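This report looks at a disulfide and its surroundings, and then at the nonpolar core. Please keep the sequence and the structure at hand while reading.

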Amino acid sequence: MTFKRCRALSALVCALGVLSGCATIYEGKYAFNDGWRKARVEEVGTASALRGTALSDCRNTATPEQLETGSFALLSYADFGHLRRRIVALPAHTRFEAGDATYVKLRSCSGDVMPQAH
C-alpha cells in the first residue's frame, strides 16, 4: 500500500469515527439525539423522602397520586463535561438502587428511565 493511499484510508477512518460520535445510539435503541443520556442513580425513594436536590425536578409536575405512591430517583449525568443532577419518576415495573447505571431521557418526566445492560 502506498503512503498516499494509507493516508487517505486513515483520514476516512477518522472521519467515520467523528460522524459516528454525533449519532450515538446506546444499546441500539436509546438515541442521544432523542434526548437519552447515560446516568447513575444516586438515591431512590418516595417524593417526600429524597434528600438530594437537583435543578431539574419532575416532582414539580407529578400528579398528587404519583407524589403519594410513586418512586423517584436522583440521577447524575454528564452534560458537555459538567455533572448534572435530575430527579425523575421511576416506572412502576422497574427497580433501581443507588449506584445503578441507567439511561434517562432528558426533558421528559414520563418515567423514561431504563437500566443499562451489563
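This is a predicted model: local features need pLDDT of at least 70, side-chain atom pairs count only at pLDDT 80 or more; totals for chains, interfaces and linings use all residues.

The torsion about the S-S bond of C58 and C109 is about -75 degrees, so the disulfide is left-handed. Because C58 sits in the loop between β4 (56-57) and α2 (64-69), while C109 sits in the loop between β7 and β8, the pair ties together parts that are 51 residues apart in sequence.

The loop between β7 (101-105) and β8 (113-115) also holds S108, which, leaving aside its neighbours within four places in sequence, is in contact with C58 and R86. The table gives the accessibility of the two cysteines and of S108.

| Residue | Relative accessibility | Class |
|---|---|---|
| C58 | 3% | buried |
| S108 | 13% | buried |
| C109 | 32% | partly exposed |

C109 counts as partly exposed because its 32% relative accessibility falls between the limits of under 20% for buried and over 50% for exposed.

C58 also belongs to the largest nonpolar core, which has 12 residues, including A39, V41, Y77, F96 and V113. Both β3 (36-45) and β5 (72-79) supply at least two residues of this core, and the largest share, 3 residues, comes from β5. Within this core, V41 is in contact with L74, L75, F96, E97, A98, G99, D100 and T102, once its neighbours within four places in sequence are left aside. Apart from this core lies another, of 7 residues, among them A47, F72, L74 and A89.

Technical notes:
Residues are numbered from 1 along each chain as its sequence is written. Side-chain values use heavy atoms; hydrogens and water are left out. A nonpolar core is a set of buried Ala, Val, Leu, Ile, Met, Phe, Trp, Tyr and Cys residues joined through side-chain atoms within 4.5 Å. Buried means under 20% relative accessible area, exposed over 50%, partly exposed in between (1.4 Å probe, protein chains only). Helices (H or I, at least four residues) and strands (E, at least two) are DSSP runs, numbered from the N terminus. Contact means heavy atoms within 4.5 Å. A disulfide is a pair of cysteine sulfur atoms within 2.5 Å.
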